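Student: Please take me through one part slowly: the salt bridges. I would also like some account of the places around them.

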Amino acid sequence: MADVSSSNRGTAQAKPEIDRNALAIALHRKSRSFGPFFWIPMCWLILVAIACIFAPFWGLPPADEIDWAYIQSPPVEGHPLGTDNLGRDMLSRIIWGGRVSLTVGFAAPFIGVGLGMILGMIAGYYRGWADEVIGILIDAWLAIPGLVVLLLFSVVFGGSLFMVCVSLGLLFIPTAARITRAATLNYSGREFVLAAKAMGASDFRILRKEIFPNIIWPLIAFILIDIPIAIVIEGALSFLGLSVKAPTPSWGGIIAEGREVLETMPHIAMYPTIIMFLTVLCFNLVGDAIRRRLADVREGAI
Amino acid sequence: MRYLLYRLRRLAIVLGVVTFITFLLVNVLPGDVAYQMAGMDSSEEEVQAIRDELGLGRPVLVRYAEWVGGVFTGDWGKSFISDENVWDAITDRFPVSFELMILAQFLALAMAIPAGIASAFRPNGRADRIIGGLAFASVSMPSFMTAILLIFVFALGLGWLPATGYEPLSSGLWANLRPMILPALSLALVEWTILMRTLRVEMIAVLQENYIALARAKGMSNLRILLVHALRPSSFSMITLLGLQVARLLGGTIIIEQIFGIPGVGRLLIHAVYTRDFIVIQGCVTFFALAFVTANFLVDIAYAWLDPRIRTGGAHG
Amino acid sequence: MAEIVLDVRNQKTSFVTGRGMLAAVDGVSFTLERGKTLGVVGESGSGKSVLSRSIMRLLPGNALVPADSRVVLNGKDLTRLDEGALRRLRGPEMAIVFQDPMTSLNPVLTIGKQIMEVLTFHLGMPKRAARVRAVELLKAVGLPQPDVRVDQYPHQLSGGMRQRVAIAIAIACDPDLLIADEPTTALDVTVQAEILDLLQRMVRERNMAMILITHDMGVVAGRCDEVAVMYAGRIVEQAPVRDLFRNTRMPYTAALLSSIPRVTDPPHRRLDAIEGRPPDLINPPPGCPFAPRCKLADAACDAGVPPLEGPGRHRYACIRPLGQEAAA
């Protein structure tokens, strides 16, 4: 704000108008620090993360333990969110299900963006036939609906948590590869890369030392966008019963079970729906805030 | 024209790659078809017999070539389970999925265009913020969750629309549309946000153009400037996206058809996945890829309508 | 005395930026009579384009105009009108031709449609009549084959032809004031004179008032009645065109004049570009804004902004004017 006040001093005759101007400037310069739309969602996410990571320590009934006294029960003592259609504790199932969602949500984008980055760097740096082949593979990848790819994988490879992470990660390859390719293409023509080449640096070294640091930021922003998407797709997959195998609970799976009794016991579908919606929304809000901040910082640096 | 030919060739290659990879996945990797068909406790001889019957013993490339040849002559194979002709099974169900997709895309556009225009008119204004917030909530709500909420409110709560089911067009237009509204809305409520954001970004840029300034200087009303002068030049990315979204929508219909009990291709595929009916899976994936490729080709043609520079083949940039 | 079409009084236009207030137009006043042409000359960034948009009231959202600025067109104070009333004036009473005809026509609409919409919107013409009128207008601005061109898109026309279309759009509703904002800067040299002649003819035939904005002193010489030289958001010298060229007072005007290449110059003579850069409009210097670049400036020039004064119609904002060194 220092330079604003000094600029006002120069023309400090018409008092009220200047004050209005100063306000307008202040609004324009509104510092882009993290506001409540970052911190409130962040708190929710931390809460969810703690609940899920330390799930075994909360003294909850096991997620697959059937309480014969309370089957399809609304919230009662001992079952704060009620029980599902088999009499299993809802809170416990939602928390244990959250472990699956969060694991996939973080692992899949890292796998996908990592692989996509490698492909994109190869295509963008070497051009030629490598570029052409990778381009066709990516187009082919995009031509099949993501869910169909996952269905295929779930049939062929079965539903372990690891395979779900990997096959979901594969979905993020095309876009990540395209972004990387464009950025690599851009940077590989720059002077500092040419200079490194002239010094006889190996291709690998150039990619790692010169290009990678420049393209990593948009990719990190991209991972942030992908986390909620991965959670949503995992939800869809487990809703169809094609994610991790039952009886391991997952949010989509609980919602699917709740759907069967939506008319009589709406809470079974609604609780996981609400929790999942809030979590995904908060990931979106936090990701968006960080992405803007990254953009600001980089703008300021240039 | 040359560009169009290049695109066609590229799309053909893409189709080849897609079908080949799918073929490899369903035929070579673990979970052998013959094992699946023979059942858990069958002997090795039984499995081998089925293999021989299906011709699985021969090299993959040969079988793939046979399958491709079949596809071109309209023989997409027969279901292992129901013995139904795969091509017939798909074409019987496709119109249903197609109707759902068109309805969803239509609803999404009907939401996205006014919302995008309203946001772009005053970026960071009140309308922009409200619409942006709604969009944020919307993308955070996957279609299967939206579907369940919609069923809960409009079918179970208010009883206005049926929760599941499908009526053919022969029982009347309204009878046909009524059960389609909630499924289409479930898909549209996710898709509209991407279209809206794309339109908004491009329109904000277009509204900075000199010809918009000239339209203002001509005394045109804001509404006319937005709809007549700015909308069409702002729609290019959105139209491209409509083509790319076909893949997403096809994926979306799978789950939505499952929830609402709509007999489309998506349900056929899911059923085939549950029963490990590989030849049907292969057919469905090929069909989806074909639909995607066609949709994107149509998008290329739509450009010509949007941009007179392409249509008239103008030489002056 | 002739009818006054436009009366601008103390127009100030500032923009809110991240660094502070940028005073793009800083207290400009002038009047313009029917049938006359005022040339506004200045380097880029001198505020001449912002001035034209301030008159049209076509400013972006971060622009601030203080309450004591006045723009009076045909007796109506534009600063007091709401957006709807302004819209009804844009076209029938005031019109503008922009600099770049490549970007100022809508690429997806036929040029006929872009002319017709002004006629149907402002004059309530039926479509068919508007089309006939559009062809007449295209003919009037000298576009060959107007009845074919009317159905073509901007990209099918050359730059000069597009500028003719832009002029046809501007004169469609017979405005009283025509602003030409660097109408020839983006065009080939060979086309420039044609377009300027066309503008001049339109002003004469239709008895309009015109503001011709340019950075080129050579453009205003033969085509304006009066010239205003702008620097750092202010008019620093204003005079009938003959006076300005013969009795240049302001050193800045002299510098601009000397930067016109002359036919008599030896080839490859270096142009006398003005040294230094225009002042920072966010933190303007306290005195004459040109003083830091002026060869004649002394300490007195930094004391305060000199007012625009002078004998008769020749006014200048300088305390060390040229041609009066002896008197000083």
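Tutor: Helices (H or I, at least four residues) and strands (E, at least two) are DSSP runs, numbered from the N terminus. One such run is helix α9 (residues 210-217) of chain B, in which N210(B) lies. This is a predicted model, where local features need pLDDT of at least 70, side-chain atom pairs count only at pLDDT 80 or more, and totals for chains, interfaces and linings use all residues. Residues are numbered from 1 along each chain as its sequence is written, chains are lettered from A and ligands numbered from 1 in the order in which they are written, and side-chain values use heavy atoms, with hydrogens and water left out.

Now the salt bridges. The term stands for a side-chain nitrogen of Lys or Arg within 4 Å of a carboxyl oxygen of Asp or Glu. Over all chains, the structure holds 24 of them.

One of these is in chain A, where the side chains of D131(A) and R181(A) meet with 2.7 Å from N to O. D131(A) belongs to helix α5 (residues 128-143) of chain A and R181(A) to helix α8 (residues 173-188) of chain A, so the pair ties together parts that are 50 residues apart in sequence. D131(A) is buried, at a relative accessible area of 12%, while R181(A), at 27%, is partly exposed. Here buried means under 20% relative accessible area, exposed over 50%, and partly exposed in between (1.4 Å probe, protein chains only).

Chain C has others. D7(C) forms a salt bridge with R9(C), whose closest N and O atoms are 3.0 Å apart. D7(C) is buried at 17%, and R9(C) is partly exposed at 44%. Another pairs the side chains of E194(C) and R164(C), 2.7 Å from N to O. This pair links distant parts of the chain, 30 residues apart: E194(C) sits in helix α7 (residues 189-206) of chain C and R164(C) in helix α6 (residues 159-171) of chain C. E194(C) is partly exposed, with a relative accessibility of 42%, and R164(C) is buried at 12%. Back in chain A, salt bridges with shared partners join R127(A), D131(A) and R181(A) into one network.

A polar contact is a separate kind of pair (N or O atoms within 3.5 Å; within protein, one must be able to donate a hydrogen and the other to accept it, and residues adjacent in sequence count only if both atoms are side-chain atoms). The side chains of D77(C) and R70(C) make one of 3.2 Å. D77(C) is part of strand β6 (residues 76-77) of chain C and is buried, with a relative accessible area of 16%. Contact means heavy atoms within 4.5 Å. Not counting residues up to four places away in sequence, D77(C) touches R70(C), V71(C) and V72(C).

N210(B) also has neighbours in chain C. Leaving aside residues within four places in sequence, N210(B) is in contact with F98(C), D100(C), T103(C) and S104(C). Its relative accessibility is 27%, which counts as partly exposed.

Last, confidence in chain B. pLDDT is the predictor's confidence in each residue, from 0 to 100. Chain B averages 81, and 88% of the residues score at least 70. Among the elements of chain B, helix α5 (residues 86-121) has the highest mean pLDDT (90) and helix α2 (residues 33-38) the lowest (62).
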